[in-house]
Amino acid sequence: MSMEKARDAGLRIFFTGVGGQGTLLATRMVGEAALIQGLNVIMSEIHGMAQRGGVVESSIVVGDLVSPVIAEGQADVMLAFEPLEALRALEKCHAHTTAVVSTVPIVPFTVATGQGRYPDVQGVLETLQKDLAQVVALDAVALARQAGNVRAANMVVVGVLAGLGKVPIERSAWEESLRRLLPAKLHGVNERAFALGFDAGRAVA
Amino acid sequence: MHELLSPEKGGKRLLLGNEAIIRGALEANVRFVAAYPGTPSSEIIDGFARLGHEAGVEVEYSVNEKVSVESACAAAISGVRSLCSMKHVGLNVAADAFMTLAYVGVKAGMVIVTADDPSLHSSQNEQDNRFYAKMAHVPMLEPATPQEAKDMVQPAYEISERFRIPCLLRTTTRVNHCRGVVELGDLPSGSVQGDFQRDPFNLVVVPMVGRKLRLQLLEKEKQLQEVSESSPFNRVEGSGRWGIVTSGVSVLHVRDAVRELGIQDKVSVLSLGMTSPIPERLIGDFLQNVDRVMVVEELDPYLEEAVRNVAQKMGRSLTIAGKGPAGIPQAFELDSLKVQKALGRFFDVPVQAPAPLSAPQDLPARPPNLCPGCPHRATFYSIKKIFGEDAVYPTDIGCYTLGLLPPLQMADFLICMGSSVSTAGGFSRVLDRPVVAFIGDSTFFHSGMTGLVNAVTHDRNILLVIMDNGTTAMTGHQPHPGVSITPGGRKEPKVDVEQVVRGCGVQRVTVVNPLNVKKTQAALEEIKEDLKEGGVSVLISRSPCPLFERRALGIKQRVVFQVTDACDLCRDCLSQLGCPAFVWERDGAGGQCVRINETLCNGCAVCAQLCDAVKPKKLEA
């Protein structure tokens, strides 16, 4: 079987971010939307010690795949909520991976105490663009602010994924998923954030 | 209504493995649930705590895992179906109860969920708890997916009840924390009345009873083997001559790996969902129909040894592979790529996986950290100031274990829950150095009290610091006996830590609020003097976890702190206190400054007590 054929059978989406960014909510939103769309979907999360400001990784596989773990080189799509974490997760990616990257750095405390330097963000994006088939880099925090709350940056990133059309999920399913997962008072701002991301994704699809 | 109580039979939900286990237990009419939280099992007891009242289930946050098994087995022996859940190492704590409960057995079904953590995502070790089933001679089911986790609970109760023996449901992190589509079943209605029949010569394990029960247990195991031989969870797929034996989540890695290798037509896969007792005849029949076999399982060679054993008994000579440098790794969790590579080598099939890219090696690490405003940081800071580098600092399990990391580096020894105080006692007898041990409030109740009694009894010269943040913070803010912040507001604790400490025989007990740096350090100076007299001192360093307190009581933050121009760039805030709200900014031209990230600052004011350049700024109400 060719590699292309293997990939056609299913899609692996790897999420990476920092504790507090809403990475797990974004993952659930993709999973719930896939369920609404009637796709086979499996999500995996790491809890506990991994939080407390550390790296938060999660994964979704849709289609004809059953293993919940995304191994090295297996991510077809990477959603990175932070540029340093996008770079760190490169080993999950392969040459045909599409990445959506929020460009706003969250500098780890180790840098503040002098244990290492934060890489130049422009350099990070250039590395990603050199290695990956497609990189959509955007300031998700600015778009979320435009939508009404910087905390909705995670919905911007999910919106980009939806707009890119990488997962066979209709827009109505995405929107229903959002409404299922969030309390009514948060619908407006998150719907706007999702829509801004969706348009950004659609523009480069 | 809680989502997991939906009466909609056939409805599909995206459930976490742990939620699926809750639903499965509810469908099986569980009525008594007891657990101590521990990743990756915590969502089970937390979910039950939320829906227990509505569902008519008695739910107990037990003081530790051993207590949870004892508590829940009393329900089961009285005819009420019960459940315990715990992380893998929790079963070590509960092992004393568990091993002999297997002898005495139960009347209504009892399921013990043991959640292994391959790759140590959130644990101190990775151990393979399947061997507990073998050691205790109890039945064990191993689900692969959330749906299977739900579907196995009902049969687990039926097996438990039929053979009057507790049943293990053994999961791994990738089952507990996997979310998948689960189809709901029926929820039963009606409560269950407990009924205890006096029967001391079967229920009170003195040696003569134990001897009888030992023989009965071995007999039960034989009968249970028949259940395993015909279990619908043990099945063969495919009819090729290349054999694969697997169980649990590895079933999923195998399925993807086989497909990506394109060898579906060449393999037969024996997927085992009931792995204790081992279905020896089923394995034997399988071995008859294959030319060689690879055993794919996480952690230790539990199935591999069983397969070799069966082959030897039946005199079947074929190549059996499993753990080994060219085979399946023994350490850390598997994935479909690791499995592809091992199967590819063993069956001599090329692996066509995409080449992984590589990340630069010198990226700054992002380890988990104590939160800004965490009172543990303030406690560590002051103790380091007074006791310095000379002291030995045994620590314990909780958020404060993160004191390990620079710049605090206040953790010297840890093996398990409660080891801080007991090892401190041992260190104090062989070292001529001060010994200061750290333990959290929840961990103190879990397994610190006995160590403290031991230290007092033997006049150990130690300072035990009980870092009392009023909750079980690391696993998600579960209650414990000493909590005073509850969903209904502040209350008197059921069990007061200070009284327990005094009750353990400690004469020198001091209580401080670590966020008051001056008073804390003054108290520590006195304690340091007192320790010269020998014996045990206890410092209760008490300040609630701010995340928990603010969420539970709806308290709004009123102030943040700022670094003013008076900053002389000494950077002690970074190199000694290490609060992650501090940022050291350097520009390319060599200019630098220290500032506080106001969105991270929690307003605890500890830094302002250490540095005159830090000033408060009131937040808008």
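Visitor: Which residues does C573(B) touch, not counting residues up to four places away in sequence?

Guide: This is a predicted model: local features need pLDDT of at least 70, side-chain atom pairs count only at pLDDT 80 or more, and totals for chains, interfaces and linings use all residues. Residues are numbered from 1 along each chain as its sequence is written, chains are lettered from A and ligands numbered from 1 in the order in which they are written, and side-chain values use heavy atoms, with hydrogens and water left out. Contact means heavy atoms within 4.5 Å. Leaving aside residues up to four places away in sequence, C573(B) touches G578(B), C579(B), F582(B) and V594(B).

Visitor: Is C573(B) buried or exposed?

Guide: C573(B) sits in helix α20 (residues 572–577) of chain B; helices (H or I, at least four residues) and strands (E, at least two) are DSSP runs, numbered from the N terminus. Buried means under 20% relative accessible area, exposed over 50%, and partly exposed in between (1.4 Å probe, protein chains only). At a relative accessible area of 18%, C573(B) is therefore buried.

Visitor: How accessible is C611(B)?

Guide: C611(B) lies in the loop between α21 and β24 (614–618) of chain B. C611(B) counts as partly exposed because its relative accessibility is 30%.

Visitor: Which cysteines does the other "binding site" annotation include?

Guide: This one also comes from an unreviewed UniProt entry, and places the feature at C579(B), C601(B), C604(B) and C607(B). Though they span 29 residues in sequence, no two of their C-alpha atoms are more than 10.7 Å apart, so they gather at one spot.

Visitor: Is C601(B) buried or exposed?

Guide: C601(B) is in the loop between β23 (592–596) and α21 (606–610) of chain B. Not counting residues up to four places away in sequence, C601(B) touches Q557(B), V560(B), F561(B), A581(B) and I596(B). Its relative accessibility is 8%, so C601(B) counts as buried.

Visitor: What does C604(B) touch, not counting residues up to four places away in sequence?

Guide: The loop between β23 and α21 of chain B holds C604(B), which is partly exposed, with a relative accessible area of 24%. Leaving out residues up to four places away in sequence, C604(B) touches G373(B) and L515(B).

Visitor: How much area do chain B and chain A bury between them?

Guide: In this model, 58 residues of chain B are in contact with 62 residues of chain A. Buried area is the accessible area (1.4 Å probe) that two parts lose on being put together, summed over both. For these chains, 60% of it is on carbon and sulfur atoms, and the total is about 5,200 Å².

Visitor: Which residue of chain A forms a salt bridge with D256(B)?

Guide: A salt bridge is a side-chain nitrogen of Lys or Arg within 4 Å of a carboxyl oxygen of Asp or Glu, and the rule finds six across this interface. In one of them, the closest N and O atoms are 4.0 Å apart, and the partner of D256(B) is R12(A).

Terms used
UniProt positions renumbered as here; feature names shortened; annotations may be inferred.
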